[in-house]
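Have a go before reading on.

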Amino acid sequence: MNIIIAGCGKVGHVLTAQLSQEEDNDICIIDTDEAIVRRMVSSYDVMGITGNCASYNTLAEAGIEEADLLIAVTESDELNLLCCVVAKKTGKCQTIARVRNPIYSQEQDFLLKELGLSMIINPDLMAARAISQLLCFPNALSIDAFSKGHAEMLRFRIREGSLLDQMAVKDIPFRLIDDLLICAVERNNEVIIPSGDFVLQTADVVSLISSRQTAVEFFKRIQVKTGRVKNAMLIGGGRISLYLADMLLKLGISVKIIESNPRRCEELSVLLPDAVIVNGDGSDEDLLYEERIGKMDSFVALTNFDEENILLSLFAKKKVKSKVITKINRLQLNEVIHNLDLDSVVYPRYLTSEKILQYVRATQNSLDSNIETLYRMFDDRVEALEFNIQKESKITGVPLEQLNLRKNLLVCSIIRDNRMITPSGQDVILPGDTIIVVTTVLGLKDARDILAP
């Protein structure tokens, strides 16, 4: 695909890195900062243009008439929307705009229809939804939904003394629960797609896929408490906090927001009349004690400073009952974060890039199967993909044990008639099914790519 990325901030950087590594993509980036453009061009196999992305001349120089897709991810919502409008008038490409303002989020359907956009991405809203899910199932490190919620992938850490310690994967259906599949394990910084003989250990980070009901029963049987939190303390009153607080209050979860800007506190008090808004420094230990952090079920660090979020989360882990969540913006901190004893970490920019990458893959693949969902896990070393099987092909009607599947790839689930099937070797894939695949082989675009080349 010929892709133009307008805006080389953090999201633009991630997209450029990921999409330029996809073998069939030709990338051109646009930014007003010449130094950033030069640095990106020298780091990746892309073209670079310095200029205003909403300018016809700039877009023409970037090749808008031949482009298949334009992704506008500058810091300005209005510039992103205008860039997409000019692109639609100039070329025939599909357009994606990053739009963060809550006002525009309420008008998303109108913008998509009237401006002809292919997709609107709101990283703050996506981050809030991800955090809300975790607060409803606090024992998970992350939760990814497939097939409109019929299946979920939950990632969790095996704690010391767990019933799972020294248990083989193949024994889980007999000793604990059926209709559940362990699909990936991280141990000592190595990611493993486990066979049935693989033995789990304390400190393993395990990804399982099942329905929500099965997952709840599984955690009960390994004697881990389930159930959503009753209250949450949010540090920072930005857009994510606003979206998140509104979601939690609708679920009956009490919310307390600590924000240092008095004017923003007044705004939040009007927008969130049922939340408790505290004007103060969220990094002040005395204030946190005064606001009874020890009585809170959950704590979410949402300031604009990654280092502050990390330190606050490490402090809160010793005080909060159930769940601590840390928002991280800068991706360069991955290695440091990996070695810290944090609970759940949410990267809004990763959520954005995953959604756009999913769209690009779905556009590239054949009509035989469409990518419905894509998630990247374990620092982009593993992909979980959901394919909608539309036609008969060489992967349909054949028992899975007879398919020559790629190494380090696992068919985790088959969704048929809204029913989740945990597949055995005798199960077959049929037209109309949805399949969920987990693999360390990156870049699959079509369901047939699960077969060894």
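Two strands pair if DSSP finds at least two bridges between them; helices (H or I, at least four residues) and strands (E, at least two) are DSSP runs, numbered from the N terminus. This is a predicted model, where local features need pLDDT of at least 70, side-chain atom pairs count only at pLDDT 80 or more, and totals for chains, interfaces and linings use all residues. Residues are numbered from 1 along each chain as its sequence is written, and side-chain values use heavy atoms, with hydrogens and water left out.

**Exercise 1.** Find the bridge partner of Ile3 in strand 4.

Solution. Start with the pairing: strand 1 runs parallel to strand 4 (residues 69-72), with 4 bridges. Now try strand 2 (residues 26-31), which pairs with strand 1 in the parallel sense over 5 bridges. There, Ala6 sits opposite Ile30.

**Exercise 2.** Work out why strand 1 is largely enclosed by the rest of the structure.

Solution. Of the 5 residues, 4 are buried, so strand 1 is largely enclosed.

**Exercise 3.** Which residues have the most contacts inside the largest nonpolar core?

Solution. A nonpolar core is a set of buried Ala, Val, Leu, Ile, Met, Phe, Trp, Tyr and Cys residues joined through side-chain atoms within 4.5 Å. The largest has 49 residues, and Ile131, Leu164, Ile172, Leu200, Phe218 and Leu234 have the most contacts inside it. Helix 10 gives the largest share, 7 residues.

Note on methods: Buried means under 20% relative accessible area, exposed over 50%, partly exposed in between (1.4 Å probe, protein chains only).
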